[in-house]
Amino acid sequence: MKPITTKVSPTGEISIGGISTKTLAETYGTPLYVIDYATLEANANAYLKPLQTLYPNSLVTYASKACLVKGLIAPLAALGMGFDVVSAGEIITAIKGGADTNKMVFHGNNKSKEELELAITHNIRIIIDNETEIKLLSAASTKLNKKARVLVRIKPEIEAHTHEYIKTGHIDSKFGIDKNHILEAIRTLNNDSNIDFLGIHSHIGSQIFDIEPFVDLAKIMVGHMKRIKDELGIEIKELNLGGGIGIQYTTADNAPKIALVLEAMIKSLKESLTEHHLNEPLLMVEPGRSTIATAGVTLYEIGTVKTTPGLNYVFIDGGMADNPRFIMYKSLYTFELANRANEPATKPYTIAGKFCESGDKIGENVMLPDTNEGDHLIVYGTGAYNYAMASNYNRFCKPAMIMVKDGAVIELLKRETIEDLLKNDV
Ligand code: LLP
C-alpha cells in the first residue's frame with residue numbers, strides 16, 4: 001500500500017525515496033503526485049523476475065493507461081517492460097519516451113483510421129476489438145503497403161469479482177469479439193495478405209483479488225487456441241492474458257502476491273497446452289495498477305477544517321479533479337498527516353476537495369490526528385488511474401508529478417498553469 005521507501009522521522013515527518021514530504025511540498029507545491037522509483041522497480045520486477053524462470057518466452061507490457069508521462073517510459077523500458085497503449089496520444093508519448101515499438105501493443109474498442117495507420121507504421125501489435133476494425137485495418141495496411149501485426153481480443157466470459165464498472169470480460173462487455181464470431185474474424189484476418197495474424201488476447205477486469213479467474217482464463221484461452229487450430233488449421237503464436245491483478249489500497253484489501261498469480265496461471269496454461277498437444281505461444285501480460293499504484297502518493301495541503309453537526313470536514317487543495325476514483329467508484333485509500341504521522345489518529349474526517357460538487361470527496365471516516373490548517377495530507381496508492389483520469393474541472397490546473405529515487409528528484413510533469421489552460425481557447 002505504501003511505497004517501500006516510506007519512513008517516518010522522529011518528529012513525525014514522512015519521507016519517500018529519501019526525501020521529506022515537507023521538502024517536496026515546499027519545493028514543488030501541492031497537490032503533488034510523487035512516484036517512488038524503488039517501488040516501481042520492485043513492482044515491475046514482481047512480474048519480470050518470476051516470468052524469467054516460469055515462462056521465459058514472455059513479454060510484460062505496462063498498461064500505460066494507469067499512468068503515462070514521457071519520463072516514466074525509459075525507467076520501465078530499462079527494466080524490460082513493453083507498453084500497452086490505447087490512443088494516438090499514448091502511442092506518441094511512449095515512442096517519444098523511448099519505448100521499443102516491437103514491445104508495444106495497441107488496444108481500443110473504436111480505433112480510428114489514423115490510429116491504426118500510426119500503429120502499422122511503427123510496427124506495433126494491434127489488438128483487434130471488432131469486425132469493423134478488421135476492414136479499417138485491411139484498408140490501412142493496403143494503403144501503407146505494410147503488414148499489420150494483429151491479435152484478436154476475445155471475450156473470455158469470466159465474471160471477476162470487482163467493481164461493476166471495471167469488469168471487461170463478461171458477456172455483455174463492450175470489449176472484444178464474442179465466441180461465436182471469433183473463427184470468422186480470424187479466418188478473415190489470416191486470409192488477408194496484408195495482415196500478420198499472431199494470436200489472441202483477453203482481459204478479465206481490474207483490481208481482482210482472486211487467483212481462480214486467472215487460472216480459468218488460461219484454460220479458456222487454450223480452449224480457443226485448440227478450436228482455432230482444429231477448425232482453421234492456424235497455430236496461435238502469441239497469447240495475451242491481459243492485466244487486472246489487484247493491489248492493497250487499505251488494510252482490508254487482501255491483494256494476492258503477483259508471483260502466486262503468475263505461478264497458478266502458468267501452471268494452468270502449461271497443463272492445458274499439454275492436454276491439447278499445443279506448442280507454447282509467446283505469453284504476454286499487461287499489468288497497469290499493480291505496477292504503479294503503490295509507487296504513487298499524492299500530497300495535499302489542508303486549508304479549512306470545518307465542523308458541521310454531523311461531520312468533520314478537512315478541505316484539501318485538490319480533490320475530484322486529481323483523484324476522480326472516489327466519486328466514480330467509491331474507492332478507498334489510506335491517509336496520513338505527512339507532517340504528524342507519529343500522532344495517534346483519533347478523529348474521523350471527511351476529506352473534501354475544492355471543486356463545486358457535493359460529491360467532491362476522496363475519503364470518508366478517515367481517522368487522523370486532530371487536524372489543522374497547514375497540515376499536509378498524504379494519500380497512498382494513488383499512482384494508478386489518478387493523474388491518468390484527472391480533469392480540469394472548474395478550470396483548476398493539473399498537479400505536478402515527480403519521481404523520487406535515492407534522495408534525488410526527477411521531474412516528470414510540470415504543474416499546469418492558467419496559460420496552459422488558455423492555450424487552445426479561441
Ligand atoms: N489490459 C486491458 C485491455 C485493460 O483494459 C486494462 C485496464 C489493463 C490491461 C490493465 O488493468 P490493471 O492491471 O490496471 O488492472 N479506471 C479504473 C480502472 C480501469 C481499468 C481499465 N482497463 C480504476 O480507476 O480503477
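Setting aside neighbours within four places in sequence, L377 is in contact with T298, L299, Y300, I302, I316, F335, E336, L337, A338, I351 and L368, where contact means heavy atoms within 4.5 Å. The model is a predicted one, in which local features need pLDDT of at least 70 and side-chain atom pairs count only at pLDDT 80 or more, while totals for chains, interfaces and linings use all residues. Residues are numbered from 1 along each chain as its sequence is written, and side-chain values use heavy atoms, with hydrogens and water left out.

L377 also shows up in the largest nonpolar core, which has 101 residues; L137, I351 and L377 touch the most other members. Both domain 1 (7-36 + 293-422) and domain 2 (107-287) give residues to this core, so it lies between them. Apart from it there is another core, of 15 residues, including I16, L24, L32 and A400. A nonpolar core here is a set of buried Ala, Val, Leu, Ile, Met, Phe, Trp, Tyr and Cys residues joined through side-chain atoms within 4.5 Å. Buried means under 20% relative accessible area, exposed means over 50%, and partly exposed is in between (1.4 Å probe, protein chains only).

As for the domains, their bounds come from an automatic or database domain assignment, which gives domain 1 (7-36 + 293-422) and domain 2 (107-287). Taken over C-alpha atoms, the centres of domain 1 and domain 2 are separated by 36 Å. Domain 1 puts 9 residues into the contact, and domain 2 puts in 7 residues.

On to the charged pairs. The whole structure holds 13 salt bridges, each being a side-chain nitrogen of Lys or Arg within 4 Å of a carboxyl oxygen of Asp or Glu. One of them pairs the side chains of E133 and K111, at 2.7 Å from N to O. E133 sits in helix α6 (residues 131-144) and K111 in the loop between β7 (104-106) and α5 (113-121), so this bridge ties together parts that are 22 residues apart in sequence. Helices (H or I, at least four residues) and strands (E, at least two) are DSSP runs, numbered from the N terminus. Both partners are tucked away: E133 is buried, with a relative accessible area of 2%, and K111 counts as buried at 3%.

A second pair, D230 and K226, meets in a salt bridge of 3.0 Å, N to O. These two residues both belong to helix α8 (residues 212-232) and are 4 residues apart, about one turn of the helix. In general, an α-helix has 3.6 residues a turn, so residues three or four places apart point the same way. K226 counts as partly exposed, at 28% relative accessibility.

Then there is D370, which forms a salt bridge with K347, their closest N and O atoms being 3.2 Å apart. D370 lies in the loop between β17 (361-368) and β18 (376-380), and K347 in strand β16 (residues 347-352), so the pair links parts that are 23 residues apart in sequence. D370 is partly exposed, with a relative accessible area of 44%, and K347 is partly exposed too, at 28%.

The elements giving two or more residues to the lining are α10 (289-292) and α11 (325-329). On a 1 Å grid over the protein atoms alone, a pocket is an open set of points with protein on both sides within 12 Å along at least five of seven lines, a cavity is a set of points where a 1.4 Å probe fits but cannot get out, and lining residues have an atom within 4 Å of a point. Grid points are joined across faces, edges and corners, and a volume is the space filled by probe spheres set on the points.

The structure has 2 cavities of 30 Å³ or more, and about 70 Å³ of space lies in the largest cavity. Among the residues that line this cavity are Y47, F214, L241, V261, L262, M265 and P287. Helix α9 (residues 258-275) gives the most to the lining, with 3 residues.

Back in helix α10, T291 counts as buried at 0% relative accessibility. Neighbours within four places in sequence aside, T291 is in contact with L40, N43, Y62, L76 and M81. L76 is one of the buried residues of helix α3 (residues 70-79), along with L72, I73 and P75. After α3 comes G80, with a positive phi near 120 degrees.
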